[in-house]
Amino acid sequence: MLSSYRQIFAAPGTLAFSSAGFIARLPISMTGIGIVTMLSQLKGSYGVAGAVSATLAIAAAALGPAVSWLVDRRGQRRVAIPTAALAVVFAAGLLLCAHFDAPTWTLFLFAVGMGVMPSAGAMVRARWAQLYREEPAKLHTAYSFEAVVDEFCFIVGPILAVGLATTVFPESGVLAAAVALTVGMALFTAQRRTEPPVHPAVTRGGGSAIVNGGLVVLVLTFIATGAIFGSVEIVTVAFADAQGHKGLAAIILAVWALGSGLAGMVYGALKLRSPLSTRFFAGVLMMALSMVPILLVASTVHGLGGLLAAGGALLVAGVAISPTLISAMALVERLVPAAQLTEGMAWTTTGLALGVAFGSSTAGWVIDASGAAAGYWVPLVAGAFGVLVALVGLRRLRAGDPAPEAGRPAAEPVDLER
């Protein structure tokens, strides 16, 4: 299995841009939960905390595709550096407003500005696609490796954000995310020789990538997936708080990501022949079903034992995540033109961000109204919606399946920056 992963790093510069991309992606897993942890301590309301986090996600959903469109047209370095710097400036404003108890509306204002953060995951995958587009087996392995990196981000990121915010000072989690964005983007954009070529507007016929019907289905399904991510994060923090062990929330969420990361590592080494669309639908179905045990555990088991049981349920639930996202991004690579690849991937991130926004805000209000355990109904309902959308749109997704006669192995990406 490891030999497959060693092969993809034979090309010069691959280890450098992938490593830098890991650091640049950490803020995605740190910022949302860092805001929730910070504001729940400073403001005393999960509703406000979830709403501000949701605002950031909505802003990223609205601005992300435009930033990625510019990346395809003008180049990664020329766009990523100024947009990352602008995101850091707005993050500083949010921290100052939270620290000095500025009016609540100012928190939402600066959260909107942070939405210009560039998509490091999409840019990393665009580099892999540039290197291995003609070698599908290596591209499959590369995308699967990045899925594991994503999950590792979601293991390390929440632990850092929640751990810092609860043991140092409330604002330290978001502050660390801003530092990671600055360092990561500086290192990533310094890798010039692996940067994909610019695709000028004159070569980009057909308008935006979102006009592709299959991509629309993926984005709608990713909205449901993002709602699972966003709601599980905020509900788990609240559930741990209700059991008197708020600091353990980061460990529980890390276990969830660990399950996904291990599954992604194994999945990347497999040589599967089943259609991508079928694998994607099966993954969406499994994600939805995996929310049932965590709801039952949270509703019936309390105290430290309840937290341990919740961690076990989330470990199992995580197994469905990476394979689903890998198959989804493989479909993106096949459904949209190469000149629109970064934008196409950014649209899936937009779907995730919208879902995170809806899931975190809805879960926040449910928690305030009915308690932490009731909040786990939100990801279950979101998962059911995802299954419905994927089932209805399955015919459009089949356009991304490789032709049987070509004998071409499936190539598969991911991101997500949930």
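Helix 2 (14-42), helix 4 (76-99) and helix 8 (172-189) each contribute at least two residues to the lining of the second largest cavity. Keep in mind as you look around that this is a predicted model. Its mean pLDDT is 83, with 90% of the residues at 70 or more.

**The second largest cavity**
- Sorted by class, the lining of the second largest cavity holds 10 nonpolar residues and one polar residue, with no charged residues.
- As background, rolling a probe the size of a water molecule over the atoms shows where empty space is left.

**A residue to look at: T236**
- You will find T236 in helix 9, which covers residues 213-242.
- T236 counts as buried because its relative accessibility is 1%, and the cut-off for buried is under 20%.
- Leaving out residues up to four places away in sequence, T236 touches A249, I252, L253, L314 and Y376.

**Where to read with care**
- Across residues 405-418, pLDDT stays under 50.
- The model still has 79 contacts beyond four places in sequence for residues 405-418.
- Where pLDDT is low, the predicted coordinates should not be read in detail.

Key: Residues are numbered from 1 along each chain as its sequence is written. This is a predicted model: local features need pLDDT of at least 70, side-chain atom pairs count only at pLDDT 80 or more; totals for chains, interfaces and linings use all residues. Side-chain values use heavy atoms; hydrogens and water are left out. Helices (H or I, at least four residues) and strands (E, at least two) are DSSP runs, numbered from the N terminus. Ala, Val, Leu, Ile, Met, Phe, Trp, Tyr, Cys and Pro count as nonpolar, Asp, Glu, Lys and Arg as charged, and the others, Gly among them, as polar. pLDDT is the predictor's confidence in each residue, from 0 to 100. Contact means heavy atoms within 4.5 Å. Buried means under 20% relative accessible area, exposed over 50%, partly exposed in between (1.4 Å probe, protein chains only).
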